[in-house]
Amino acid sequence: MNIEGTYTFQSKLTEIRQSLTRQEVLQQAIPGLEQLEPLENNRYNVAIHIKYPPLAGTYQGLVSFTEDQQPTSYRLLIENDGGPNTITGVGSIQLHELGDN
């Protein structure tokens, strides 16, 4: 699955960064997310349901913020915690100021 996009927000870079790392925003941003439980150090336990064969099923795992370059970029690493199937995902977030946006 590949999700791409460019968005322009009417806000300051630091405000956008804070919003994108809040739990309620992550719950809406990760496709198929069924559970998001905060841990320490910007990590979360997750359950993600994928409905597309051959990966169909629910996966338990961990979401971590990595390569954090505040306030302009970070990566989300999604890994499951074992079992018969392994799944990983990476999301890169890059923020750039353009005038007041």
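In what order do the 5 strands of the open sheet stand, and with which pairing, parallel or antiparallel? The order is β1-β2-β3-β4-β5, and the pairing is antiparallel, where two strands pair if DSSP finds at least two bridges between them, and where strands (E, at least two residues) and helices (H or I, at least four residues) are DSSP runs numbered from the N terminus.

Before going on, note that this is a predicted model, in which local features need pLDDT of at least 70 and side-chain atom pairs count only at pLDDT 80 or more, while totals for chains, interfaces and linings use all residues. Residues are numbered from 1 along each chain as its sequence is written, and side-chain values use heavy atoms, with hydrogens and water left out.

**The nonpolar core**

Now select Tyr-44, Val-46, Ile-48 and Val-63, which touch the most other members of the largest nonpolar core, a group of 15 residues. Such a core is a set of buried Ala, Val, Leu, Ile, Met, Phe, Trp, Tyr and Cys residues joined through side-chain atoms within 4.5 Å, buried being under 20% relative accessible area, exposed over 50% and partly exposed in between (1.4 Å probe, protein chains only). The elements giving two or more residues to this core are β1, β2 (43-50), β3 and β4, and the largest share, 4 residues, comes from β2.

**The aromatic pair**

Finally, display Phe-65 and Tyr-74, whose ring centres are 5.2 Å apart and whose planes lie at 50°, so the pair is tilted. Rings of Phe, Tyr and Trp (its six-membered ring) pair if their centres lie within 6.5 Å, with planes under 30 degrees apart counted as stacked, over 60 as edge-to-face and the rest as tilted. Phe-65 is buried at 13% relative accessibility, and Tyr-74 is buried at 3%.
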